[in-house]
Amino acid sequence: MKIIKAEIPKNSSLYPNRSSYNYSDSYEGIINDKNNIIGIVDVAKAFLQLGPKWIDYLLTLRNKIVSVFGLKTTNDINETKHSNSYKFEPGEQVGIFKVFSKTNNEIILGEDDKHLNFRVSLFLKESDDNKLIKIVTITTIVIYNNWFGKLYFFPVKPFHKIIVRVTMKQNLEKLEINSQQKKE
């Protein structure tokens, strides 16, 4: 599966305010949904799956550093990420993320902290040519609340870009395989 740099989807709830973000990126992957059963909640559950171990090590290091500054940490990530009981309803806490909104084709996750606020849009669209081909776009936006937010995100940004692409590729491939096995 190829993950490519993309634009914020025009139908995303994040699109109208795109000029006000301090940072944004979008990545896109294509899923072959031969049984036409993949929905936005399936994408969200795939998004929350564990990634490579090196990402866990980076998160542990991040937690140690930011706890000194009183920022939120991800200490509960391993306990909550495996749950399939999430409904992804607004206000629900899913792992390290809060659900801000949900539609038939988009779920907005994120968190607000004293240094910055971020949102992650999980956006699902059928291909214009074939309803069995699904396009998944993951968009991240960041708004700095103060100079520390900008300072914090500067070293995080290159890792963020790598982590999103790697985990998106891995987890969408798993989603595609699992969806094909459900009806076979």
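1. Helices (H or I, at least four residues) and strands (E, at least two) are DSSP runs, numbered from the N terminus. This is a predicted model, in which local features need pLDDT of at least 70 and side-chain atom pairs count only at pLDDT 80 or more, while totals for chains, interfaces and linings use all residues. Residues are numbered from 1 along each chain as its sequence is written, and side-chain values use heavy atoms, with hydrogens and water left out.

2. The sheet is open and is formed by 7 strands in the order S1-S2-S7-S6-S5-S4-S3, with antiparallel pairing; two strands are taken to pair if DSSP finds at least two bridges between them. Its edges are strand S1 (4–6) and strand S3 (93–94), each of which pairs on one side only. H1 packs on this sheet and touches S4, S5, S6 and S7, its direction making about 130° with that of S6. Here contact means heavy atoms within 4.5 Å, and axes are lines fitted to C-alpha atoms, for helices over the stretch in contact, with angles from 0 to 180 degrees between N-to-C directions.

3. H4, for its part, lies across S2, S6 and S7 and runs at about 10° to S2.

4. The largest nonpolar core has 25 residues, and those with the most contacts inside it are Val-43, Phe-88, Val-94, Leu-109, Leu-122 and Val-136. At least two residues of this core come from each of strand S2 (23–32), helix H1 (40–47), strand S4 (97–102), strand S5 (106–112), strand S6 (116–126), strand S7 (133–144) and helix H4 (147–182). Such a core is a set of buried Ala, Val, Leu, Ile, Met, Phe, Trp, Tyr and Cys residues joined through side-chain atoms within 4.5 Å, where buried means under 20% relative accessible area, exposed over 50% and partly exposed in between (1.4 Å probe, protein chains only). Not counting residues up to four places away in sequence, Leu-109 touches, among others, Phe-47, Phe-88, Val-94, Phe-100 and Leu-122.

5. Two residues deserve a check of their backbone. Most residues other than glycine have a negative phi. Phe-88, in the loop between helix H3 (77–80) and S3, has a positive phi near 60°, and it is buried, with a relative accessible area of 0%. Asn-36, in the loop between S2 and H1, has a positive phi near 50°, but it counts as partly exposed because its relative accessibility is 31%.

6. Asn-146 sits in the loop between S7 and H4 and, at 31% relative accessibility, counts as partly exposed. Its side chain reaches the backbone nitrogen of Gly-149 at 3.0 Å, and a polar atom of that side chain also lies 3.0 Å from the backbone nitrogen of Phe-148; a polar contact is a pair of N or O atoms within 3.5 Å, where within protein one must be able to donate a hydrogen and the other to accept it, and residues adjacent in sequence count only if both atoms are side-chain atoms. Leaving aside residues up to four places away in sequence, Asn-146 touches Lys-114 and His-115; His-115 is 31 residues from Asn-146 in sequence and 5.8 Å away in space, C-alpha to C-alpha.

7. Within helix H4, Thr-167 counts as buried because its relative accessibility is 16%, and its side chain reaches the backbone oxygen of Val-164 at 3.5 Å.
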